[in-house]
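Thanks, everyone. I'll walk you through one structure today, and I'll keep it brisk. Please have the sequence and the model open as we go.

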Amino acid sequence: MDLQEQLKKLFPDHEVSNESEPIEATPHELYVQQEPMICKYEKRKGKPTTIISGYEGDDEDFKVLAKEIKSKLAVGGSFKDSEIIIQGDYRDKIMKLLQEKGFKTKRVGG
């Protein structure tokens, strides 16, 4: 017995429609906050890293932002503990990218 037959037994009055339902594509907006995002420089295990923290929106949005920053700068990095960790000292470029998106930024350290 296939799935269609099982569904007919469960829902005998259901009419099968061949029309596809229109899917509305809504563009995803990043939450732009009032407080500035912190962009700081640290050395971890002797290697320079740029850390971005202070985002108040959804973690998924922050992960999307991390992926976008990494791809635009062509660098490695990760998202951990509500922080974006980028390999290398890219504070100026990252701050410029964030400001173009409408975020306020604050430079910390070095």
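Let's start at Ser82, which sits in the loop between β3 and β4. Keep in mind that this is a predicted model. Ser82 is not a glycine, yet its phi is positive, at about 60°. Why point that out? Most residues other than glycine have a negative phi.

Look for Ala74 in the loop between α2 and β3. Ala74 has a relative accessible area of 69%, so this residue is exposed.

Now step back to the whole chain. How many helices and strands does the protein chain have? There are 3 helices and 5 strands. Along the sequence, they come in the order α-β-β-α-β-β-α-β. The chain has 110 residues, and 25% of them are buried. Next, the contacts. Take those between residues at least 6 apart in sequence: 53% of them join residues at least 24 apart. Then the surface. The accessible surface of the chain is about 8,400 Å². Carbon and sulfur atoms account for 50% of that surface.

Let's go to strand β4 and find Glu83 there. What does Glu83 touch, leaving out residues up to four places away in sequence? The answer is Arg44, Ile51, Ile52, Ser53, Phe62 and Ser78. Now compare Glu83 with Gly54. In sequence, the two are 29 residues apart. In space, their C-alpha atoms are 7.7 Å apart.

Phe62 was in that list of contacts, and Phe62 brings us to the aromatic rings. How many aromatic pairs does the structure hold? The count is 3. Take Tyr55 and Phe62. Their ring centres are 4.9 Å apart and their planes meet at 10°, so this pair is stacked. Planes under 30 degrees apart count as stacked. Tyr55 has 12% relative accessibility, so Tyr55 is buried. Phe62 has 1%, so Phe62 is buried too.

Tyr55 also pairs with Phe103. This pair is edge-to-face, with 6.0 Å from centre to centre and 65° between the planes. Where do the two partners sit? Tyr55 is in the loop between β2, residues 47-53, and α2, residues 59-73. Phe103 is in the loop between α3, residues 91-100, and β5, residues 105-108. That puts the partners 48 residues apart, so to speak in distant parts of the chain. Both Tyr55 and Phe103 are buried.

On to empty space. Rolling a probe the size of a water molecule over the atoms shows where such space is left. How many cavities of 30 Å³ or more are there? There is 1 cavity. The largest cavity holds about 40 Å³ of space. Its lining is Leu65, Glu68, Ile69, Lys72, Leu97, Leu98 and Lys101. Which elements each supply at least two residues of that lining? They are α2 and α3. The most comes from α2, with 4 residues. By class, the lining of the cavity has 4 nonpolar residues, 3 charged residues and no polar ones.

Last stop, the largest pocket. About 240 Å³ of space lies in the largest pocket.

Methods:
Residues numbered from 1 in each chain as written. Predicted model: local features only at pLDDT ≥ 70, side-chain atom pairs only at ≥ 80, totals over all residues. Heavy atoms only, no water. Phe/Tyr/Trp six-rings, centres within 6.5 Å; stacked < 30°, edge-to-face > 60°. Buried < 20%, exposed > 50% of the residue type's maximum accessible area, 1.4 Å probe, protein only. 1 Å grid on protein atoms, 1.4 Å probe; cavity = no way out; pocket = protein on both sides within 12 Å on 5 of 7 lines; lining within 4 Å. Points joined across faces, edges and corners; volume = space filled by probe spheres on them. Nonpolar A, V, L, I, M, F, W, Y, C, P; charged D, E, K, R; others polar. Contact = heavy atoms within 4.5 Å. Areas by Shrake-Rupley, 256 points an atom, 1.4 Å probe, with all protein chains shown as cover.
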